[in-house]
Amino acid sequence: MRLFLALELQPPVREALEEAIAPLRAAAPELSWVPPAKRHLTLKFLGDVPDVRVGEVTAMTDAIARGHHPFEMELGGVGAFPNFRRARVVWSGVAHEPRLELLHHDLEVAGEAAGFELEGRAFRPHVTLARVRTAEEADHVRRLARAARRVDFTAAQDVDAITLFESTLAPAGAPYRRVHVSTLGGG
């Protein structure tokens with residue numbers, strides 16, 4: 001199973017984000033836009049995990065979640081990795097939140113102890129909006145950069161659970177399946 005841990009966006013946040021980025025989609029329709037229902041904040045990508053280890057992963061995630069209280073996360077703005085001139089990913093940002101950083105850190109440490117690869121890059125929380133697949137698309141991203149400066153989007157949502165998702169690779173895009181939800185604070 002190809003697994004990852006994430007924070008799901010609440011429906012009102014997903015809807016507000018979709019409305020706010022409509023001009024971006026119009027400016028660069030050729031990009032690979034992530035469907036609204038699949039937008040999330042990835043906390044930890046686990047990769048291919050044997051079915052027999054799923055219980056271990058859910059127990060690990062439940063234990064981490066119990067040690068964290070719910071908190072509020074603020075989303076806003078639009079950017080690109082590494083930047084709009086050489087964009088590979090277009091994203092909506094997440095404001096610095098120490099409790100989110102600690103949650104991510106604890107998942108990384110527990111994941112490494114369980115034999116999962118430690119993420120080698122700094123944690124830059126974001127919600128992926130689109131992927132740039134070709135150099136030709138990258139040329140069109142300049143239009144997107146101009147449109148992105150005009151996006152006025154901020155939203156806050158409560159974070160009260162971590163979701164374990166399975167992602168199945170497919171030519172038409174990877175469908176996600178919710179495998180387990182771990183409630184923060186053990187509630």
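Predicted model: local features only at pLDDT ≥ 70, side-chain atom pairs only at ≥ 80, totals over all residues.
## Ser 92 and its surroundings

Beyond its neighbours within four places, its contacts are Leu 17, Gly 76, Gly 77, Val 78, His 126, Val 127, Leu 129 and Phe 153. Ser 92 belongs to strand β5, residues 89–94.

Is Ser 92 buried or exposed? Ser 92 is buried, because its relative accessible area is 0%, and buried means under 20%. Its side chain also has a polar atom 3.1 Å from the backbone oxygen of Gly 77.

## Helix α1

Leu 17, one of the contacts of Ser 92, sits in helix α1, which spans residues 11–20. Val 13, Leu 17 and Ala 20 are the buried residues named in this helix. They lie on the same side of α1, because they cover an arc of only 65° around the axis.

The face turned away from that buried side carries Pro 12, Glu 15 and Glu 19, which are exposed. What covers the buried residues? The cover includes α2 (22–27), β4 (71–81), β5, β6 (126–131) and β7 (154–159).

Phe 81 and Pro 82 are joined by a cis peptide bond, with omega at about -10°. Pro 82 lies in the loop between β4 and β5.

## The four-stranded sheet

An open sheet of 4 strands runs in the order β3-β1-β8-β9, and its pairing is antiparallel. β3 and β9 (176–183) each have a single partner strand, so one side of each is left without a neighbour in the sheet. On average, neighbouring strands are turned by 25° against each other, direction ignored.

How many bridges join β8 to β9? There are 7, and these strands too run antiparallel. Phe 165 stands opposite Arg 178 of β9.

## Helices across the sheet

Helix α3, residues 54–66, lies across β1, β3, β8 and β9. It runs at about 40° to β9. Helix α4, residues 98–113, lies across β1, β3 and β8. Its angle to β3 is about 5°.

Terms used: Residues numbered from 1 in each chain as written. Heavy atoms only, no water. Helix = DSSP H or I, 4+ residues; strand = E, 2+ residues; numbered from the N terminus. Buried < 20%, exposed > 50% of the residue type's maximum accessible area, 1.4 Å probe, protein only. Polar contact = N/O pair within 3.5 Å; in protein donor to acceptor, adjacent residues only side chain to side chain. Contact = heavy atoms within 4.5 Å. Arc of directions from axis to C-beta. Pairing = 2+ DSSP bridges. Axes fitted to C-alpha atoms, helices over the stretch in contact; angles between N-to-C directions.
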